[in-house]
Every structure is written in C-alpha cells, then in structure tokens.
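Me: Could you walk me through the aromatic rings of a protein? I am new to this and would like to learn by asking.

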Amino acid sequence: MSQQTALRRPGVTGRGDLAAYARLAKLDIYDYYLGLLVVWALLASTLRWKPQTLGLLALILLAEVVVVAAMVGFDDVTGYRDGSDAANYGSDAARRRLARKPLVAGTLSEAQALRFSWAATAAGSVLWALVVATAPHRPVWAVVLAAACVAASVQYSWGLKLSYRGFQELFLIGLGVGWTLVPYALLTGGASGFVIVQAVLFGSGPMLFGLYSNTNDADGDRAAGRVTVATLVSARAHRVFVAAMTGAQVVLVAGTAVAGIAPWWFPVVLLPLVGMRLAHLVIGFRGDILRARRIAIHAHRVTVVLLVAADLTAGALA
C-alpha cells in the first residue's frame, strides 16, 4: 500500500463534492487578498467610494482568487505525485488538517484536480485581461507585473516549478508586492515611495509565515527535491535566516521613516507588529514551529488592520 493510499480516509474515494474543491482552492487562506484593503485605504477619498473603483477592486479580487485556486491546485497535484504532501501532513494530520489536502485525503482524484486547475488558469487569465481592459489607467510596468504574477503563480509548482528551483521565498513576497502595486497603479496611474513601502511590508507577511511552513516541511521537501532555504541549510542556519528576514521587516518600517519615505508616525503605528514578530521568533526558536506560524499569520493580518486604519486616518487629516 502506498503512503498516499494509507492516508486516505476510509470510504472516501474522489467523490469531488463542492467542499472538496473549495479545500483544493484553499478558500480559507485569504491573506494575499487582504492587500486590496490596503490599496483601497491608500486611495484618495474622492476616488475611494466611486462605483468604478469598487467594481474594479471586486473584479481584481475575483481574478486573484481564481489564479490562486489554479496555483494551489497544481501545487497539490505536484505534492501528491512526489509524496511531499503525504510526508508533510501524514505525521501531523490533526494539527495540519489533512482534509485541506483533498488528493491525499482521497476526496478528489488527480484527474479532477488537474481539470480544476487548468480551468482556473484559463478563467484567471481572462479575468486579469478584463481587469486591465477596464482599468482607468494602464501603466506598462503595472500590466507587465500583473502578467508576471499570473504566469509565476501558475508555474509555482507546475511547468517551470519555481518553488522547486529555489524561488519559493522570492515568489511568496513578490506576489504580495505585485498584488498591491498593480491594483493601485491601475486605479491611479502610478505608485509613490510610501505606497511601495506598504506593498513590500504587506508582501513580506506571507513570506515570513511561509518560512515556518518550510521549517516544518524541510525533510519532506528535501526528499521530493524541492529547493528552499530550509532544505539547503542546517536548522540553526535557517533559524538565523528567519530572524534576519523578520528583522528586515522591522528595519523597513523604521528605516523608511528615518529616510523620509514614510511619515514619522509609521513606526509608531506598527509597534504592535514588532511585538508579534518578536513573539513568533521566540516561540519558533523554542521549537513550536506550527504555533509560531500561526502567530506570524495573525501578525500579517494585524499589519493590514494597522495600515488600513493609519491610511484612512492620514487621508482624513490631510
């Protein structure tokens, strides 16, 4: 009996119901989509409530959800084929919710997952083309960046398999940055230095909690040939890398204020984030990786709340 077969739940064999497809699309993981709230808060008050603005943001949200569905669908197929999902989830199924991996759990077949992923790829491409066509502004760099985000997402674990070739950490931050800058530029025609700072701050959130996943999954990823920092270096060196990336986010917040790119109040508003980053670092260093990951996820969401509140307040006082 294969490892994948052994992990299937009794009596469940690729039934393909809507709940299984929702789990394949990872609809419960919405962290990349939160960037649109930051974009909305950054807009001028005269633009923020226009029906055209809200309509375009809604269309972008749909396009992002569909592209991510394609990305994680292909990722599940690849992880099922090479056994990394069985290795990474099978030993800790209760804490990591094995049902979120419908191929390993047996609630979808590989063929069903592939059809879903290809359909989502086609639909996502059409939706992003529609976004660009209906946007009030179309800076060339933003259009190119949008296309790059779609292409890289689909190729994350399929085709070029970027996440298997050492580009995973770069992709995790890059997608968040792109999906903040692109909508803002399509609505306004450009992006200031402070907008770029917030985009990088937002994008670094998924990268940071992804590093804890990589720590937990290092053995399974290494066996499957997936190249991440965690699979290339020792556990101690990876802890240093996580600490350095966490520190870089704090330096970004403080340094850009000192340099005059961000306003003086920016580090003050984000002080709660610094406390949460310190907490997950300490917990992660003590060995509770999955708890540290949960705190890092919450820290990312708190970042969004703080940015939105600060941007709306600054806009009202301007």
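Reply: Here are some questions and answers on ring pairs and on charges over rings. The model is predicted, so local features need pLDDT of at least 70 and side-chain atom pairs count only at pLDDT 80 or more, while totals for chains, interfaces and linings use all residues. Residues are numbered from 1 along each chain as its sequence is written, and side-chain values use heavy atoms, leaving out hydrogens and water.

Me: How many aromatic pairs are there?
Reply: Rings of Phe, Tyr and Trp (its six-membered ring) pair if their centres lie within 6.5 Å; planes under 30 degrees apart are stacked, over 60 edge-to-face and the rest tilted. By this rule, the number of aromatic pairs is 9.

Me: What kind of pair do Phe-74 and Trp-118 form?
Reply: Their centres are 5.0 Å apart. The planes make an angle of 75 degrees, so the pair is edge-to-face.

Me: Is Phe-74 buried or exposed?
Reply: Buried means under 20% relative accessible area, exposed over 50%, and partly exposed in between (1.4 Å probe, protein chains only). Phe-74 has a relative accessible area of 0%, so Phe-74 is buried.

Me: Which residue do ring pairs link into a cluster with Phe-74 and Trp-118?
Reply: Ring pairs make a cluster here. Joining Phe-74 and Trp-118 in it is Trp-158.

Me: Which ring does the charged end of Lys-161 sit over?
Reply: A charge sits over a ring if NZ of Lys or CZ of Arg is within 6 Å of the ring centre and within 35 degrees of the ring normal. The charged end of Lys-161 is 4.7 Å from the centre of the ring of Tyr-164.
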